[in-house]
Every structure is written in structure tokens, then in C-alpha cells.
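The stops below are taken one selection at a time.

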Amino acid sequence: MSKQIFINLPVLDVEKSMRFYEALGFTINPQFSDQNGKCMVWSDSIFLMIMNHEKFESFATKPIADTQKTLAGLYSLSLDSVGELNKIMENGLHAGGHEPNEIRDYGFM
């Protein structure tokens, strides 16, 4: 069995968050989705589980971070080109995202 990564995130609005991640290129795995959470697929090995707070709290042992005030984590996705990055950023901004700071090239491409 190949190793997989499941990133679990609490969200205030599951449907709005689902549309945002779809705009970035994620797809939905309905097998692991319901009205309380969605399994968003990035690749064969990377999945994003977005859950409403009630569902997330059923797994968590600590309070949910207020990400308007504190940083809960940093997440990165690999892409094939700067052009693909720019398109995903544009889609994310149009879907309600915002840039917390200027884009920086760390030289990984």
C-alpha cells in the first residue's frame, strides 16, 4: 500500500470551503464526504479533509485555533510550473482567498 497524507482542517462553512478547494483543482471523494465534511483530493496520495467544527472537535483533543489571530500551520502544494501556480493563485483569489503577503520564489522549480 502506498503511503498517503490526510490533512484535516476545521472550517466554518463546509460548502464554501469545498467550492474554494475545487477552484484550486481539488476534486471531491464522495465516499468520505457528507454534510459535515468533505474529502478533497489533490493526488493519489494527498487528501484534504475539511470538516465543520463539531465534526473536527470529535477528533481533536485541544481547542480549535482562531486562524484570524494565530497561525495554525503552513501547507504547500507541488506544481509543474510557475504558470500553473499563477493560475491556481488566480482561481483561489477569485474563489474568496486572499494573499497574506507577497508571493516569494524559494527556488524549488
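What follows is a short tour of a predicted model, taken helix by residue.

**Stop 1: helix H1.** Select residues 14-24, which form helix H1. Show the side chains of Val14, Ser17, Met18, Tyr21 and Leu24, the buried residues of this helix. Now look down the axis of H1: these buried residues fall within an arc of 115°, so they line one face of the helix. In an α-helix there are 3.6 residues a turn, so residues three or four places apart point the same way.

**Stop 2: the ends of H1.** Select Asp13, which caps the N-terminal end of H1. One of its side-chain oxygens lies 3.2 Å from the backbone nitrogen of Glu15. Then go to Gly25, which follows H1 and has a positive phi, near 115°.

**Stop 3: Tyr21.** Return to H1 and select Tyr21. Is this residue buried or exposed? Its relative accessibility is 18%, so Tyr21 counts as buried, the cut-off being under 20%. Beyond four places away in sequence, Tyr21 touches Leu9, Phe26, Met40, Leu48 and Ile50. Select Asn91 as well: its C-alpha atom is 9.5 Å from that of Tyr21, although the two residues are 70 residues apart along the chain.

**Stop 4: Ser33.** Move to strand S2 and select Ser33. The Ser33 side chain reaches the backbone oxygen of Asn29 at 2.8 Å. Leaving out residues up to four places away in sequence, Ser33 touches Ile28, Lys38 and Cys39.

Definitions and conventions. Residues are numbered from 1 along each chain as its sequence is written. This is a predicted model: local features need pLDDT of at least 70, side-chain atom pairs count only at pLDDT 80 or more; totals for chains, interfaces and linings use all residues. Side-chain values use heavy atoms; hydrogens and water are left out. Buried means under 20% relative accessible area, exposed over 50%, partly exposed in between (1.4 Å probe, protein chains only). Helices (H or I, at least four residues) and strands (E, at least two) are DSSP runs, numbered from the N terminus. The arc is that of the directions from the helix axis to the C-beta atoms. A polar contact is a pair of N or O atoms within 3.5 Å; within protein, one must be able to donate a hydrogen and the other to accept it, and residues adjacent in sequence count only if both atoms are side-chain atoms. Contact means heavy atoms within 4.5 Å.
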